[in-house]
Amino acid sequence: MFALPRAKSGKPSARDRAGPVPSCLGTALTVTGRLDSDGEVHIHGTVSGRISADSIVLGATCIVEGDMVARQIRVGGRFSGRIFALDVTLDASAHVEGKIFHHNVTVARGAQIIGRMPWRPLNYFDSLEQLPEIQP
Amino acid sequence: MTIFQRTDRTPDKSAEADNAAKPAMRDTPAQPEPAPVIAPRPQSYAQPIAPVSTTAKPQSSTSSQGAPMSSVISKALKITGQLESSEDIQIDGQIDGDVRGVHVKIGNNAKVKGTVYGEEVEVAGTVEGKVEAKKVVLTATAHMSGDVVHQDIRIESGAFVDGHCKPEFGKTAAAKATVVTSPAASRPAAAE
């Protein structure tokens, strides 16, 4: 799904990620469709659709609907849908509806979660070539 | 509150017992519990967790006052779908779909397949589709295949343009406005 070998070889991936500027979708922007990136994506606006990236940061003002696939995801705003990520961080301002498939999760005090947070082993994300169409 | 209190005890005894037990209970599990859970994680997953802290840095640099209004689509990002913004958009990545913004800047290596609407559109990359804007700037590296509807245009030497340039941005809007208003205006007159 997302290149896990890259995650294991720490230093080159860190250099790659530091290189390109992270994409930043401002509060005024509304995107309907699919976002694909191999870098970092910051979202402060409204997105409905699938987002896949190496790392996704949802700001406090965002409203996001759909599926998110990334190595690490940080949520600070409203999200409804499914999250597939190794590392998930939910900030105090997060409001999440749906399922969070994770390997490591951190939830701040005050975060609102409606749904389930199933833990998955590392090889689940490794073998995840296609997202399950029907919610498992 | 009542749901958290035990009802099977008498209030006097339970209050005493709870008061005696609670401080001890709160102190002991609350402090040691996070310690064993959190402590081993940085060791085993030090690499995945570390970048989370670095993500905060670009966020704070892009947004001087909380969340930024304008958007930057970097070269690593590809968007399939529509973009709508009431602020500026800078595109350095790839977009398959329509873009609506105020000041839209299409960077050097950017590629847009679709219509770009805006007040001011600056093209330095590739656009396959229409550009509709009040002010259009095609720089030397621009590769524009499609029509340009504008009010004010600047084309630099070296720009590739394959399409019609029509100075009809304001006119079409005005024409549409008159078309919309004229039947509405004529209908009551006709009815009367």
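The questions and answers below look at how two chains of a predicted model are described and how those descriptions are reached.

Q: Why is Ile95(B) called buried?
A: A residue is called buried if 20 or more other C-beta atoms lie within 10 Å of its own. Ile95(B) has 27 other C-beta atoms within 10 Å, and therefore it counts as buried. This residue is found in strand 4 of chain B, which covers residues 94–96.

Q: Which residues does Ile95(B) touch, not counting residues up to four places away in sequence?
A: Ile95(B) touches Ile79(B), Leu83(B), Val112(B) and Gly114(B), with residues up to four places away in sequence left out of the count. As for Leu77(B), which is 18 residues apart from Ile95(B) along the chain, the C-alpha atoms of the two are separated by 8.5 Å.

Q: What makes strand 8 of chain A a partner of both strand 7 and strand 9 of chain A?
A: Strand 8, residues 95–107, is joined to strand 7 of chain A by 12 bridges, and five bridges join strand 8 to strand 9, residues 112–116. Ser80(A) stands opposite Glu97(A) in strand 8, Ala85(A) stands opposite His102(A) in strand 8, and Val96(A) stands opposite Ile113(A) in strand 9.

Q: How do you know that a strand of chain A pairs with a strand of chain B?
A: Strand 2 of chain A and strand 2 of chain B, residues 77–85, share nine bridges, and since at least two are required, they count as a pair, here in the antiparallel sense. Thr30(A) stands opposite Glu84(B) in strand 2 of chain B.

Q: How many residues does the contact take from each chain, and which strand of chain A gives the most to the side that touches chain B?
A: The contact takes 41 residues from chain A and 35 residues from chain B. On the side of chain A that touches chain B, strand 2 of chain A gives the most, with nine residues. The residues of that side divide into 15 nonpolar, 18 polar and eight charged.

Q: Which residues have the most contacts inside the largest nonpolar core?
A: The largest nonpolar core has 61 residues, and those with the most contacts inside it are Ile56(A) and Val123(B). Strand 7 of chain A gives the most to this core, with seven residues. Not counting residues up to four places away in sequence, Ile56(A) touches Val41(A), Ile51(A), Met68(A), Ala70(A) and Ile73(A).

How values were computed. Residues numbered from 1 in each chain as written. Chains lettered and ligands numbered in written order. Predicted model: local features only at pLDDT ≥ 70, side-chain atom pairs only at ≥ 80, totals over all residues. Helix = DSSP H or I, 4+ residues; strand = E, 2+ residues; numbered from the N terminus. Buried ≥ 20, exposed ≤ 12 C-beta atoms within 10 Å, placed from the backbone. Contact = placed C-beta atoms within 7 Å. Nonpolar A, V, L, I, M, F, W, Y, C, P; charged D, E, K, R; others polar. Core = buried A, V, L, I, M, F, W, Y, C linked by C-beta atoms within 7 Å.
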